[in-house]
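I opened this entry to look up a loop residue, the aromatic pairs and the nonpolar cores. My notes follow in the order I checked things.

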Amino acid sequence: MSMFFWRKFICKKSAFASQYDAVFIVQDNINDSVPAKYTTFCKESEIPFFFINMEHSSEDLTYAMGFLYKDDSFNSWGYGLYKNIENEANIKIVYSQIFGTIYQNTLPKK
């Protein structure tokens, strides 16, 4: 399974989509969210994008969010930590769930 951890990058959509199964965007690598200029790129990539541990309100129990635009439809997923406790075991469970989502929503790569 190929993943891309978001950093400032420039690439062609066709090369990008054929190389990776998902993109992980983590809080340490981005200020607020995906810059607006990449919104179209995310929509056209047909691979899921996951935001991990982004800053959110204390009422929001979501640790990770995933989005996929594919075949003119929009899918989203939210993943919470068990009892909202951030520890290694709970984070591993979230990543396992995310990898399952990626597996279910990506086409085999050539």
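Predicted model: local features only at pLDDT ≥ 70, side-chain atom pairs only at ≥ 80, totals over all residues.

**Entry 1, the loop residue.** I looked up Asn84 and found this residue in the loop between strand S5 (73-80) and H3. Is Asn84 buried, exposed or partly exposed? With a relative accessible area of 42%, Asn84 is partly exposed, because that class lies between the limits of 20% and 50%. I also checked Asn84 against Tyr63: the two are 21 residues apart in sequence, and their C-alpha to C-alpha distance is 8.3 Å.

I counted ring pairs with centres within 6.5 Å, and the count came to nine aromatic pairs. I took Phe24 and Phe50 to begin with; their rings are 5.6 Å apart centre to centre, with 40 degrees between the planes, and the pair is tilted. This pair links distant parts of the chain, as Phe24 is in strand S2 (residues 22-26) and Phe50 in strand S3 (residues 49-52), 26 residues apart. I then looked up accessibility: Phe24 is at 0% relative accessibility and so counts as buried. Phe50 is also at 0% and counts as buried.

Next I checked Phe24 against Tyr95. What is the angle between the planes of these two rings? The planes are at 5 degrees and the centres 5.8 Å apart, so I logged the pair as stacked, because planes under 30 degrees apart count as such. Phe24 in strand S2 and Tyr95 in helix H3 (residues 88-105) are 71 residues apart, and I noted this pair too as a link between distant parts of the chain. Both pairs fall within one aromatic cluster, formed by Phe24, Phe50, Trp77, Tyr79, Tyr95 and Phe99.

I looked up the largest nonpolar core and found 16 residues in it. Phe24, Phe50, Ile52 and Ile98 have the most contacts inside this core. Which elements each supply at least two of its residues? I listed S2, S3, strand S4 (62-70), S5 and H3. The largest share is five residues, and H3 provides it. Apart from this core I found another, of eight residues, including Val23, Ile47, Phe49 and Met54.

Conventions:
Residues numbered from 1 in each chain as written. Heavy atoms only, no water. Phe/Tyr/Trp six-rings, centres within 6.5 Å; stacked < 30°, edge-to-face > 60°. Helix = DSSP H or I, 4+ residues; strand = E, 2+ residues; numbered from the N terminus. Buried < 20%, exposed > 50% of the residue type's maximum accessible area, 1.4 Å probe, protein only. Core = buried A, V, L, I, M, F, W, Y, C linked by side-chain atoms within 4.5 Å.
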